[in-house]
Amino acid sequence: MSDPRALVAPLVVRWGLEPPAEDRLAALLGVLEEDATAPTSVRAARAAVDAHLADSLVALELDAVRAARRLADLGAGAGFPGLALAVGLPEARAALVESASRKCAFLERAIAASAVPNAEVVHARAEAWPAGREAHDVVTARALAALPVVVEYAAPLLAIGGVLVAWRGRRDRDAEDAAGRAAAELGLEPVEVRHVEPYAEARDRHLHVFRKTDPTPPRFPRRPGVARKRPLG
């Protein structure tokens, strides 16, 4: 394996991360490469440093993410962006929300291996996590679902003034319009679509940001699975 500390060092410098971050990010690369059960096809350290770590940490461009104290990452999978952001935001509590028990088991191992004290695994669907309601100032989602669906998942979990950050690729105006209509129904409003360059070869990478301005109606979240079957917007 390539030297993981050398691979992550430019990210530590780019984002001005505190000293423990280099060891923790390097350990994350190590567990990805060494654990054959890691739920991702990108496990080699040289590829994962860009595809996972750099892509996650680019959200630190956003002031709202930098200021986060309670973050929930939906569909956390192999831990990105949530676990990487927990490393970058040591003063924040990061809940890694994942419904698949196998992925949760990997996340627990990754947290232990990288010694990230401010991250915890929540074995639940986003729609079936009442303890998370209105408890977060940032909700993140990467490669989870269509944008209107992600908006519906996130809205009940955000406190007033909190933001959803959704990772997407090439812009899709129809999807964005549908997400805007869904957001209006859920108490959110679109704030910006930030074009980002997490690493040199990244193309058409965007962060979609929504802010919660009003309480989400009590009929949300709908039952698990309904948002995907009958998306708003």
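1. Ground rules. The model is predicted, so local features need pLDDT of at least 70 and side-chain atom pairs count only at pLDDT 80 or more, while totals for chains, interfaces and linings use all residues. Residues are numbered from 1 along each chain as its sequence is written, and side-chain values use heavy atoms, with hydrogens and water left out.

2. Helix 1 on helix 2. Helix 1 covers residues 4-15 and helix 2 covers residues 20-34. Helices are DSSP runs (H or I, at least four residues), strands likewise (E, at least two), numbered from the N terminus. The two pack at an angle of about 130°, with axes 9 Å apart. Axes are lines fitted to C-alpha atoms, for helices over the stretch in contact, and angles run from 0 to 180 degrees between N-to-C directions. The pair is therefore oblique. Here, under 35 degrees counts as roughly parallel, over 145 as roughly antiparallel, 65 to 115 as roughly perpendicular, and the rest as oblique.

3. Helix 1 brings Pro4, Arg5, Leu7, Val8, Ala9 and Val12 to the contact, and helix 2 brings Ala21, Glu22, Asp23, Leu25, Ala26 and Leu29. Contact means heavy atoms within 4.5 Å. By class, this contact of helix 1 with helix 2 has 9 nonpolar, no polar and 3 charged residues. Ala, Val, Leu, Ile, Met, Phe, Trp, Tyr, Cys and Pro count as nonpolar, Asp, Glu, Lys and Arg as charged, and the others, Gly among them, as polar.

4. Helix 2 on helix 3. Helix 3 spans residues 45-57. It packs on helix 2 at about 130°, with the axes 10 Å apart. These two are therefore oblique as well, and their crossing is right-handed. From helix 2 come Leu25, Leu28, Leu29, Leu32 and Glu33; from helix 3 come Ala45, Ala48, Val49, His52, Leu53 and Leu57. The contact of helix 2 with helix 3 holds 9 nonpolar residues, 1 polar and 1 charged.

5. Helix 7 on helix 8. Helix 8 is residues 173-186, and helix 7 packs on it at about 20°, with axes 8 Å apart. That makes the pair roughly parallel. The crossing is right-handed. Leu147, Pro148, Val151 and Glu152 in helix 7 meet Ala175, Glu176, Ala178, Ala179, Ala182, Ala183 and Leu186 in helix 8. The classes are 9 nonpolar, no polar and 2 charged.

6. Backbone spots to check. Most residues other than glycine have a negative phi, and most peptide bonds are trans. A cis bond joins phenylalanine 80 and proline 81, with omega about 10°. Proline 81 sits in the loop between strand 1 (70-74) and helix 5 (82-88). Another cis bond links phenylalanine 220 to proline 221, with omega about 5°. Proline 221 lies in the loop between strand 7 (205-212) and helix 9 (226-229). Alanine 143 has a positive phi, near 55°. Its loop runs between strand 4 (136-142) and helix 7 (147-154).

7. Largest pocket. Its volume is about 300 Å³. On a 1 Å grid over the protein atoms alone, a pocket is an open set of points where a 1.4 Å probe fits, with protein on both sides within 12 Å along at least five of seven lines; lining residues have an atom within 4 Å of a point. Points are joined across faces, edges and corners, and the volume is the space filled by probe spheres set on them. Of 15 lining residues, Pro39, Gly77, Ala78, Arg142 and Ala143 are the closest to the centre. The lining divides into 8 nonpolar, 4 polar and 3 charged.

8. Second largest pocket. This one holds about 180 Å³. Its lining includes Leu74, Glu98, Arg125, Glu127, Tyr153 and Arg228. The classes are 6 nonpolar, 2 polar and 4 charged.

Definitions and conventions: A crossing is left-handed if the near helix is turned anticlockwise from the far one by less than a right angle, and right-handed if clockwise.
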